[in-house]
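Biologist: Could you take me through the ligand site and then a helix pair?

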Amino acid sequence: MVKPIITVEHLFAQYGDTHVLKDVNLEVNPGEILVVMGGSGSGKSTLLNHMLGLKTPTSGTIMIDGVNIFTAKNKQLRNLRKKMGVAFQGGALLSSLTVADNVRLPLEHNTSLDTQTIDIMVRMKLELMNMAGTGHLMPSELSGGMLKRAGLARAVIMDPKLLFFDEPSAGLDPTTAVELDELILTLRDAMNMTIVVVTHELESVFKIADRVVVLFAGEVVANGTVDEIRNSPDERIQNMINRQPNTQRDDGEVYLNRLLNKDKN
Amino acid sequence: MNALFNSVSNLGAATRKNIDSIGLATLFLLRIVSSLFTGLVSFKQVIKQIYFIGNRSLIVIIVAALFTGMVVALQFYDTLVRFGSVDLLGSAVALSLIKELGPVMTALMVIARVGSATCSEIGIMRNEQQFDALDCMAINSYRYVMLPRLLAALFCVPMLTAVFDLVGIGGGYIVGVHIQGESPGAYIQGVMDTISFKDVLVGQIKSLVFGLFIMWIPLYYGFYLHLNQKNMGAEGVSNGTTQAVVMSAIIMLFSDYIVSSLAL
Ligand SMILES: Nc1ncnc2c1ncn2[C@@H]1O[C@H](COP(=O)(O)OP(=O)(O)OP(=O)(O)O)[C@@H](O)[C@H]1O
Ligand SMILES: [Mg+2]
């Protein structure tokens with residue numbers, strides 16, 4: 001039995017009087033891609049924010065790499081965070097810095113590498129994200145998909161052990177969504193990262209997940225492999241799966257043809 | 001009876017909320033200041049912010065100072081001429097500018113041009129999770145984002161005030177000498193003779209205090225947008241910015257009274 005790298009135990013969270021997470025328990029094993037899936041408002045982002053130590057829960061514990069993140073000292077938390085990369089939903093790039101300066105931020109602040117080395121590393125990561133030649137642009141000049149990829153480049157610049165990704169494919173066209181999914185798989189395979197992805201996009205869930213945790217109204221209603229989730233007898237999960245027609249997001253060309261044909265009719 | 005009880009309890013709740021936010025704002029400032037000791041301040045960032053403040057407000061301040069000096073001279077001239085003491089014009093203009101109008105008007109201009117822009121910038125950063133991102137990168141937002149802005153304001157506002165004073169005295173000269181025909185010698189002599197080191201010092205201390213408030217308050221409103229506003233998003237940012245501007249102006253004027261009464 002491998003030792004989990006993240007353990008969430010009896011996590012309760014609320015905003016005011018609204019209980020948003022109700023007794024969430026889950027584990028993430030090293031080297032796996034765990035997808036937290038759930039409808040809008042089910043508490044995915046809230047769970048992620050707790051795992052990142054950005055919010056304090058009502059009760060419960062989260063251990064990451066042996067550190068209890070709610071009781072850790074500042075310094076411990078800082079050291080842990082140097083091993084974690086986070087790609088936020090909208091990229092969360094600093095609006096006053098160029099793409100390249102954003103990507104180099106963690107290196108500048110947390111390492112003593114010289115400028116030339118940093119430049120090379122930044123260029124490599126941007127190329128990996130298919131963003132070569134965009135380093136000089138400001139975040140306001142990027143599209144939604146580019147922002148996500150730039151955010152991902154920044155998240156992995158320190159080659160973290162752990163990567164968190166909020167809604168990698170939400171709001172993207174199918175081609176870009178598929179590309180991002182493939183990037184996530186590459187990161188896991190090539191860099192041996194442990195990855196936690198939060199999403200409501202079923203296509204990417206089934207494509208990238210090693211294991212899926214399904215959140216429903218703040219509760220974990222299922223936790224298993226992709227096949228187990230697909231074949232789950234739970235009505236709520238079947239509803240979630242069936243409500244979204246799979247054909248719609250096959251790939252860019254199919255999608256485009258479907259749209260064009262519709263227009264002809 | 002019940003109505004009375006309700007209104008008292010509402011007042012209590014509002015007071016508690018205000019005290020809470022004063023506490024939070026103080027803690028916020030302490031965190032910014034103490035981040036000064038946890039590592040090197042980025043000199044580059046401070047310069048960038050100084051440039052930002054200067055660039056946004058210098059021209060406005062020069063124009064405002066010119067007209068303020070002119071109108072002050074006009075009003076004083078009208079009064080002094082009745083007492084036959086127009087030769088005091090230079091002293092009157094210089095003193096009122098250096099001790100009062102210079103620091104206050106400069107601060108108001110900086111609030112309008114820089115405070116509002118800063119609050120909306122920081123609020124948008126909050127909205128877009130940029131502070132969360134900084135936290136996750138183990139970068140101290142207080143030191144990296146807030147401190148350079150605060151230091152730049154503490155440096156710039158006294159400087160801009162000095163510019164305001166000089167240009168304002170020049171504006172007074174234009175009105176006194178070129179329009180009303182007073183002798184240039186008397187005006188300049190009046191300016192030179194009356195201003196003491198203490199007057200200048202008090203003016204500069206005021207503008208330093210103003211610099212603190214008019215940067216601290218917009219930073220606070222932007223950084224805690226999610227706690228102070230019902231709605232985030234564009235609406236929250238614009239409400240927060242309006243509140244920050246009004247609050248900065250009121251607190252600035254209040255602190256003006258305090259410093260003035262201490263200095264007299
Ligand atoms: N700052 C907040 N204040 C009050 N309630 C909140 C806040 N943030 C989230 N909530 C509530 O908590 C619940 C869970 O929100 P959360 O953002 O975690 O959902 P989500 O699963 O990420 O949804 P989505 O897919 O739409 O992003 C929602 O009902 C939401 O209304
Ligand atoms: Mg969400």
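**Ligand site and helix packing**

Modeller: Helix 1 (residues 44-51) of chain A gives the most to the shell around ligand 1, contributing three residues; helices here are DSSP runs of H or I with at least four residues, numbered from the N terminus. This is a predicted model, where local features need pLDDT of at least 70, side-chain atom pairs count only at pLDDT 80 or more, and totals for chains, interfaces and linings use all residues. Residues are numbered from 1 along each chain as its sequence is written, chains are lettered from A and ligands numbered from 1 in the order written, and side-chain values use heavy atoms, leaving out hydrogens and water.

Biologist: Which oxygen contacts does ligand 1 have with the side chain of Thr46(A), and at what distance?

Modeller: A side-chain N or O atom of Thr46(A) is 2.4 Å from an oxygen atom of ligand 1, while for Lys44(A) the corresponding distance is 2.7 Å and for a polar side-chain atom of Ser40(A) it is 2.5 Å.

Biologist: How much of ligand 1 does the protein cover?

Modeller: Of the 630 Å² of accessible area that ligand 1 has on its own, the protein covers 56%, with areas from the Shrake-Rupley method and a 1.4 Å probe.

Biologist: Switching to chain B, how do helix 2 and helix 5 cross?

Modeller: The axes of helix 2 (residues 43-82) of chain B and helix 5 (residues 141-179) of chain B, which are lines fitted to C-alpha atoms over the stretch in contact, with angles from 0 to 180 degrees between N-to-C directions, come within 7 Å and cross at roughly 25 degrees. Helix 2 of chain B and helix 5 of chain B are therefore roughly parallel (angles under 35 degrees).

Methods: Helix = DSSP H or I, 4+ residues; strand = E, 2+ residues; numbered from the N terminus. Parallel < 35°, antiparallel > 145°, perpendicular 65-115°, else oblique. Polar contact = N/O pair within 3.5 Å; in protein donor to acceptor, adjacent residues only side chain to side chain.
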